[in-house]
Amino acid sequence: MKDFDPWSVGEIKDYGKLIEDFGMESFEAFRQRFDSFRYIRRGIIFGHRDFGKIVEALDKGKPFAMMTGLMPSGRFHMGHKMVADEIIWFQQMGAETYICAADMESYLMRDVSFEDARKTALTEYLSNYFALGLKKRGMRFWFQSDYVPEYYKLRDISSKRVTLNELQSIYGDMTTGKLVSVLSQVADILHPQLELFGGPKPVVVPVGADQDPHIRLTRDIASRLNAKRDSGRDMKCIPPSATYHKFMSGLQGGKMSSSDPKSYVALSEEPKSARKKIMSAMTGGRTTVEDQKERGGEPEKCMVYELLLYHLMDDDLELSRVYHECREGKLLCGECKGICAELLERFLLKHQKKLPSARKKAEKLL
Ligand code: TRP
Ligand code: SF4
């Protein structure tokens, strides 16, 4: 079984197999308890590692943290919104919130300048996070290239707890840039447990399934740091927990990617242009109306349905009506796209009203 490469992930079709192959756990056991959260209720968050520790902290009223990182490149789109919603949900559940702009990773792996990364992190990511409901209180935001000395010390010490062979077996060919990116990410995830940040506590990292190699590595390094006293310091830390979500597909099928504007709707996009993209999105419809009326459509393969499922239709009954009427051939794609476009335009208008003040908030933070 070959590990997947977090820098060039394609589509993942079989999430059940991921659970089997890599030892993730299914999220089923927690689904009912947290079913007020759409991504959990609908199985979009499908897997986890050690999420029990987070639930325990919640039950006992103990501190815990949420940590995640963003690659500051491209426009903020509906795929990013899913991660943002997760961050905000954890914050509302009481998590200390740590968000990292991975500008070192984007510089080393994608040649994005630090200046561009800063701009993108501010105007695209942070502004949208705030407009979606993130609160400044109890959150920490940093750039990998510009942070506290303790963070770099932890990153460098981590290098002593993993061999090059191990990294090669996880990531394939290692380059010096990959090496620094990987160790930076380890430090991103573990540093909330340093004394400076209040000491050991459960930390959950909500990520796409492609980031699991990083999580496994970080958990191994955490255990090893635990077993040794490093440079006279106690580096006790709890192996981090993770939740895994499915990917949104691109509007034309395939990947949703910041480098292909036809594949996504940006949250700052003109509502008219967004409507056009919906109207030409790939659906699970049949080639002729007659055929669709007779055999019904396939919502499972439909990008329009996916948008409703992930973002635009929070009411399960309403969504299930779309699903069944589609399968029975009662709902045709033209009408359905119209419904979706309408919901999307409404969402964008409302969201974009909040963007200017959200941006001011973001500017103040930096
Ligand atoms: N590597 C992540 C990405 O490609 C970004 C990232 C950096 C990250 N540090 C992180 C994600 C820590 C989760 C936790 O998007
Ligand atoms: Fe997709 Fe709607 Fe067409 Fe069904 S009717 S295939 S859900 S667009």
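Helix 12 and helix 16 are roughly antiparallel to each other, a label given to angles over 145 degrees, whereas angles under 35 count as roughly parallel, 65 to 115 as roughly perpendicular and the rest as oblique. Helix 12 covers residues 271–279, and its packing angle with helix 16 is about 155 degrees, with the axes 9 Å apart. Helices here are DSSP runs (H or I, at least four residues), numbered from the N terminus. Axes are lines fitted to C-alpha atoms over the stretch in contact, and angles run from 0 to 180 degrees between N-to-C directions. Helix 12 passes helix 16 in a right-handed crossing; a crossing is right-handed if the near helix is turned clockwise from the far one by less than a right angle, and left-handed if anticlockwise.

The model is predicted, with local features needing pLDDT of at least 70 and side-chain atom pairs pLDDT 80 or more, while totals for chains, interfaces and linings use all residues. Residues are numbered from 1 along each chain as its sequence is written, chains are lettered from A and ligands numbered from 1 in the order written, and side-chain values use heavy atoms, without hydrogens and water.

A second pair is helix 5 (residues 78–92) and helix 14, whose axes come within 11 Å and cross at roughly 25 degrees. These two helices are therefore roughly parallel to each other, and helix 5 passes helix 14 in a left-handed crossing.
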